[in-house]
Amino acid sequence: MSVKLSKIFAVILVLILCLNISPAVHAEFVAEVVTPATADEKSVNVSYVSNDVVIYGQSVTLHAAAKGLDAKKCKYAFFYKYQNDNWTTIEPYSEKTSVEWTPDKMGWYQVCIKISCNLKVYKKYFNIVACKELLNHSLVSSSHIKAGDSVTMSAKASGGMDIYTYAYYIKHDDTDQWTVLNDYKEADSMQWKPSECGEYDICIKVKDFVGQVTPKYFSLTVSDEKVKTPSAFSLTVKAPVSAPYQWSCQISDSKAVKLFEKTSSNHFDLTEPSLLLTYHFQTAAYGTADITMNYTAYDGKIYRLLYHVSVDKNLNCTIEKAQGNYFEKELPEMQIITQSFAVIVDKAEDGYRWKGDSSYPNVAEFVGFDNGYDTETLTFRALRQGFTTIILSCLSPSDTNVRYQLIYNISIDENLDITVDDLDGNYIPDRYFPELNMATA
């Protein structure tokens, strides 16, 4: 070896010792000082991330990948920058091709994946946002409507990144194809009137500013509006135990009103033992009818009661009590049969009030509410067999802002027993939805 070559090797050795550069990290050092790769060279870095929107508290996977490079000569490094902060190293140069990274705060991040090979660095940048989970609080006004009626779809979201848009879809159960009623727009409610009876699926999707989408699904039954259920009423009369069944009942128009049941019970009175007879009636059709009750005593005395009943097109009845003579001074009254129920909610916040409503008040109607110390009781009355939706809304004084809303889809059978088919709504955080409580009317 010549003296000249010996001097060159000596100089190189001194530089390595002075800079403390080992062969294993030489590529990293050189990579940090070379100029960025050209546009053509950038196509070499084909790194990718598992997702560009991450729920705060969860991780995103960063994958380093190169195209056209010798993997044995490559080193990979991962960095992030929060908004306008400085760059922070996630993982320094190594042979690792992927890392799990968890953003430590919500907001926008820039991530950079670097590949060092043959004294060059190939960079690729990604924009990642960390945010809360996008929640869908949308509601549908009822799960059961009559043909010709409309259903209201109300979209509501929280979390994610603000600036929400909403989309509405429906699908009949005899098809797999969804129909778009309204694509993504800022409209947070819409009404839809089904064109035919049947079972439908409804989907409301909410989307935030960064493209997160969360769907929520509902079921809807559309029934024939021509099917009407009757209302019921009763009359209880008493008779001496010695001749309890002398009462007779005549209805002037059995097309409007029908007698469907008669029951009896003892009336305990030591001075005058008697039996109570209860006659149960139902409305049948639009019209009027006179109900006459007659009782002939052994002494030939006749007791007579006359009631005039009007039935409207919805099969609701109005009862007028006619003058008559009876065993007692007070004549027995016709009683419309109902079933009361109530929901107890937390007292509305200052500036808000609770309001009760029923989608079909002919089936069940809102009666009123009572204020307690820290609760409010909203009372309803079931009137007949059928279905309806009970809606409780906590509203601002102008009714423009809905703070909370509860939706109870209920079915009422022929005995006025009530079943909650499903319950949905937006209520006080971390509080259970209030139950529907039955009570005797």
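The protein chain comprises 3 helices and 33 strands, where helices (H or I, at least four residues) and strands (E, at least two) are DSSP runs numbered from the N terminus. Residues are numbered from 1 along each chain as its sequence is written, and side-chain values use heavy atoms, with hydrogens and water left out. Because the model is predicted, local features need pLDDT of at least 70 and side-chain atom pairs count only at pLDDT 80 or more, whereas totals for chains, interfaces and linings use all residues.

**Overall composition**

- Of the 441 residues in the protein chain, 41% are buried; buried means under 20% relative accessible area, exposed means over 50%, and partly exposed lies in between (1.4 Å probe, protein chains only).
- Among contacts between residues at least 6 apart in sequence, 60% join residues at least 24 apart, a contact being heavy atoms within 4.5 Å.
- The protein chain exposes about 25,000 Å², and carbon and sulfur atoms supply 51% of this area; accessible areas come from the Shrake-Rupley method with a 1.4 Å probe, and for residues only the protein chains shown count as cover.

**The sheet β27-β30-β31-β32**

- An open sheet of 4 strands has the order β27-β30-β31-β32, with antiparallel pairing; two strands pair if DSSP finds at least two bridges between them.
- Its edge strands are β27 (353-358) and β32 (418-426), each of which pairs on one side only.
- From one strand to the next, the twist averages 15 degrees; axes are lines fitted to C-alpha atoms, for helices over the stretch in contact, and angles run from 0 to 180 degrees between N-to-C directions.
- Strand β31 (residues 402-412) runs antiparallel to β32 and is joined to it by 8 bridges.
- Ile412 has Ile418 in β32 as its bridge partner.

**The sheet β9-β11-β15**

- A further open sheet consists of 3 strands in the order β9-β11-β15, again with antiparallel pairing.
- The edge strands here are β9 and β15 (189-192), and each pairs on one side only.
- Strands β11 and β15 run antiparallel and are joined by 4 bridges.
- Met153 is placed opposite Met190 in β15.

**Pairing around β16**

- Strand β13 (residues 165-172) and strand β16 (residues 198-207) run antiparallel, with 8 bridges joining them.
- Tyr169 stands opposite Cys203 in β16.
- Strand β16 also pairs with strand β17 (residues 213-223) in the antiparallel sense, over 10 bridges.
- Ile204 faces Lys216 in β17 across this pairing.
- The hairpin of β16 and β17 has 5 residues between the strands, and Gly211 in this hairpin takes a positive phi near 95 degrees.

**The largest pocket**

- The largest pocket holds about 650 Å³ of space; grid points are joined across faces, edges and corners, and a volume is the space filled by probe spheres set on the points.
- On a 1 Å grid over the protein atoms alone, a pocket is an open set of points with protein on both sides within 12 Å along at least five of seven lines, where a 1.4 Å probe fits, and lining residues have an atom within 4 Å of a point.
- The lining comprises 30 residues, of which Thr152, Ser154, Ser393, Val402 and Gln405 lie nearest the centre of the pocket.
- Elements giving two or more residues to this lining are β9 (139-140), β11 (151-154), β27, β30 (386-395) and β31.
- Strand β31 supplies the largest share of the lining, 5 residues.

**Individual residues**

- Asn118 lies in the loop between β7 (107-117) and β8 (120-136), and has a positive phi of about 55 degrees although it is not a glycine.
- Asn118 is exposed, with a relative accessible area of 51%.
- Leu119 belongs to the loop between β7 and β8; this residue, although not a glycine, has a positive phi of about 65 degrees.
- Leu119 is partly exposed because its relative accessibility is 46%.
- Gln83 is located in the loop between β4 (75-82) and β5 (88-94), and its relative accessibility of 40% makes it partly exposed.
- The C-alpha atoms of Gln83 and Gln110 are separated by 7.2 Å, while the two residues are 27 residues apart along the chain.
- Apart from neighbours within four places in sequence, Gln83 is in contact with Gly107 and Trp108.
- Thr292, in strand β22 (residues 287-296), is buried at 18% relative accessibility.
- Leaving aside neighbours within four places in sequence, the contacts of Thr292 are Ser248, Cys249, Gln250, Arg304, Leu305 and Leu306.
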